[in-house]
Amino acid sequence: EVQLVESWGGLVQAGGSLRLSCAASGFTFDAYAIGWFRQAPGKEREGVSCISNSGATTYYADSVKGRFTISRDNAKNTVYLQMNSLKPEDTADYYCAADPYIRAIVAGAVEVWGQGTQVTVSS
């Protein structure tokens, strides 16, 4: 079974931090680029960050640059999103996605999607 499972979302005060995890199974993890997306109620889905299969290349949306860091541990088949200095506008459901090509992640056209984890940032 090909699967991505997001975890460790939650409720945090503005200015606080969370670290999301995306655990993969059922495919060759180190052959895939991984991305994080988010969607708030009534809003368009937004690409947040992505990372190449080796971890050598990363991208960030302008809205999160300097605050969020994406990383991966291929030995654990896991990608992380460290989120610092959180703002209320970061509140959303966060999803991870996988594709062999990072350009597909950037385009939002990917092979595998997770089910999401909720992040709520309060004032």
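Which strand does T117 lie in? Look for strand β11, which covers residues 117-122. Keep in mind as you explore that this is a predicted model.

Let's stay with T117 for a moment. With a relative accessible area of 12%, T117 is buried, because the cut-off for that label is under 20%. Leaving aside residues up to four places away in sequence, T117 touches E6, S7, W8, G9, L20, A92, D93 and Y94.

Now turn to the cysteines. There is one disulfide in the structure, and the partners are C22 and C96, with 2.1 Å between their sulfur atoms. The bond joins distant parts of the chain, since C22 sits in strand β3 (residues 18-25) and C96 in strand β9 (residues 92-99), 74 residues apart. If you view the pair along its S-S bond, the torsion is about 75°, so this disulfide is right-handed. How accessible are the two partners? C22 has 0% relative accessibility and therefore counts as buried; C96, also at 0%, counts as buried too.

What about C50? Its closest cysteine sulfur belongs to C96, but the distance is 13 Å, too far for a bond; a disulfide would need the two sulfur atoms within 2.5 Å.

How values were computed
Residues are numbered from 1 along each chain as its sequence is written. This is a predicted model: local features need pLDDT of at least 70, side-chain atom pairs count only at pLDDT 80 or more; totals for chains, interfaces and linings use all residues. Side-chain values use heavy atoms; hydrogens and water are left out. Helices (H or I, at least four residues) and strands (E, at least two) are DSSP runs, numbered from the N terminus. Buried means under 20% relative accessible area, exposed over 50%, partly exposed in between (1.4 Å probe, protein chains only). Contact means heavy atoms within 4.5 Å.
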